[in-house]
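The following exercises ask the reader to work from a structure to a description of its parts.

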Amino acid sequence: MFEERVADIEVLAREQGLDFFPTSYEVVPQDIMTEVAAYGLPTRARHWSYGKVYQSQRLYGTMGLSKIYEIVLNNDPSMAFLLDTNPEIANLLVAAHVIGHVDFFKNNMMFANTNRNMINDAVSHATRIDNYIERYGLETVEHLMDIGFALDRHIDPHLGLNRAPYPERRVVEKEHQAQPYDDLFNDETAPSVTYEVEGDRFPPHPEGDLLWFLATYARLEPWQRDVLQIIREESYYFYPQFLTKIMNEGWASYWHAELFHQYQGVAPDEMLEFARLHASVVNPGARYSVNPYFLGYSLLVDIEKRWDDLHAKGESALTGREKLFEVRRTEDDISFLRNYLTTDLVEKLELFSYGNRDSDVKKPQSMQSQDIVITSRERDNVIEALISARYNYGVPFIRVADVVKNELYLDHVNRDASFLDRNYANQTLAYIAELWQHPVHLKTGDEKGQEVFLMVEP
């Protein structure tokens, strides 16, 4: 019965214009659901950090503080996990929600170059790392993975996963091409051929993909490079999901609501349960945070209404629904909020930015120890507060600036806007120095924005 109803909703979804990968639904117990959530994939190379996440999520679930309704994977074919303790109507809502996610995975530009076979590739990654553990020992391999995970968000999505090494140093001959107005300058002494040095600087440009740089240029064993590349590859896989969390959850929430409103195979008592579940999914959120389901759903509903009005007035060629599909295809969270979160919607949703009363102090403190105040209700400030954590995969901009006499020089690019916790910074620098096998320097700032230098030796 459940499978037949899901098939009916899939037909309805395609009639509404959704385009999604074939999806298999696995109904599993809570322990399996928690394990997949902790690992991020059904099978993944073992590491102690996943066990930590598993225990935390299991504790929260046992205490009734959180519940995982579904997990859906960006893959072709896709795979979704549903909870076996849910009533059928809840899992039917979840299936409609999953259809929205899979349509988003398939069609949003951020996912265009992602690995659609990561479920199988992650199994291969796990097997290779298990072989390294047998050969070199769990402690050795896990320590290297600690280093990799400390740096796994320091990638450069603009340059992509697959990159060639920097060009080697060479002298390039360049012939001067005659230009139409050369005779006006009458520069008879200008050489017709010049020589330029390429690859003279290392790295040739500030390098943000720290994992790629270390895996390519540090003096490592082949198995060590492989482990770092595995971690890097999986980090690239998860990056689009990080950058589209609000849009993705909003899109899935919009479509589970829309499909249920049109689906005729729901009894009145089931529709009441659906309404209760939907309300719990798109609730505004907890203190100091905004529920991404709520925010994304609210924006999409507002966009559809506004563009339907514009279309009716002849001011837009797109209807509200057509505009939604365009937004789904072309935006990420940063552009989505900047382009479509209006002043009216900020006021309607009662959004505001908040912070420490002493705005000049950048040093991280616990929320309990700070004097928290509302800093602004202005649209632009609210948007910046919402998207600030989404820049650069949520980590500080750290770049490889130079290598001088084998010593590595890093630059904290956005040091005027962020402060590095010294304990984390020094430990991460120690990890980098361990791989680089030479001193590592970092230019950053202190709590007052003054330039400071950190240095760690291997």
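Predicted model: local features only at pLDDT ≥ 70, side-chain atom pairs only at ≥ 80, totals over all residues.

Residues are numbered from 1 along each chain as its sequence is written, and side-chain values use heavy atoms, with hydrogens and water left out.

**Exercise 1. Overall composition**

Task: State how many helices and strands there are in the protein, and what percentage of its residues is buried.

Solution. Step 1: The protein contains 17 helices and 11 strands. Helices (H or I, at least four residues) and strands (E, at least two) are DSSP runs, numbered from the N terminus. Step 2: Of the 458 residues, 45% are buried. Here buried means under 20% relative accessible area, exposed over 50%, and partly exposed in between, with a 1.4 Å probe and protein chains only.

**Exercise 2. The largest nonpolar core**

Task: Describe the largest nonpolar core and identify the residues with the most contacts inside it.

Solution. Step 1: A nonpolar core is a set of buried Ala, Val, Leu, Ile, Met, Phe, Trp, Tyr and Cys residues joined through side-chain atoms within 4.5 Å. Step 2: The largest one has 77 residues, and Phe260, Phe336, Leu337 and Leu341 have the most contacts inside it. Step 3: Helix α4 (residues 88-107) supplies the largest share of this core, 12 residues. Step 4: Domain 1 (1-166 + 215-282) and domain 2 (292-389) each give at least three residues to this core; the domain bounds come from an automatic or database domain assignment. Step 5: Leaving aside neighbours within four places in sequence, Leu337 is in contact with residues including Ile246, Leu295 and Ile383, where contact means heavy atoms within 4.5 Å.

**Exercise 3. Two packed helices**

Task: Determine how helix α1 and helix α10 are oriented, and which residues of the two helices meet.

Solution. Step 1: Two packed helices are described by the angle between their axes and the distance between the axes. Step 2: Helix α1 (residues 2-15) and helix α10 (residues 245-262) pack at about 105 degrees, and their axes are 10 Å apart. Axes are lines fitted to C-alpha atoms, for helices over the stretch in contact, and angles run from 0 to 180 degrees between N-to-C directions. Step 3: α1 is therefore roughly perpendicular to α10, since angles under 35 degrees count as roughly parallel, over 145 as roughly antiparallel, 65 to 115 as roughly perpendicular and the rest as oblique. Step 4: Ile9, Leu12 and Ala13 of α1 meet Leu259, Phe260 and Gln262 of α10.

**Exercise 4. Surroundings of single residues**

Task: Decide whether His97 is buried or exposed, and do likewise for Lys405.

Solution. Step 1: His97 lies in helix α4. Step 2: His97 has a relative accessibility of 4%, so this residue counts as buried. Step 3: Not counting residues up to four places away in sequence, His97 touches Glu70, Glu249, Ala252, Ser253, His256 and Tyr293. Step 4: Lys405 is found in the loop between β8 and β9 (407-412). Step 5: The relative accessible area of Lys405 is 78%, so Lys405 is exposed. Step 6: Lys405 also has a positive phi, near 50 degrees, in a residue other than glycine.
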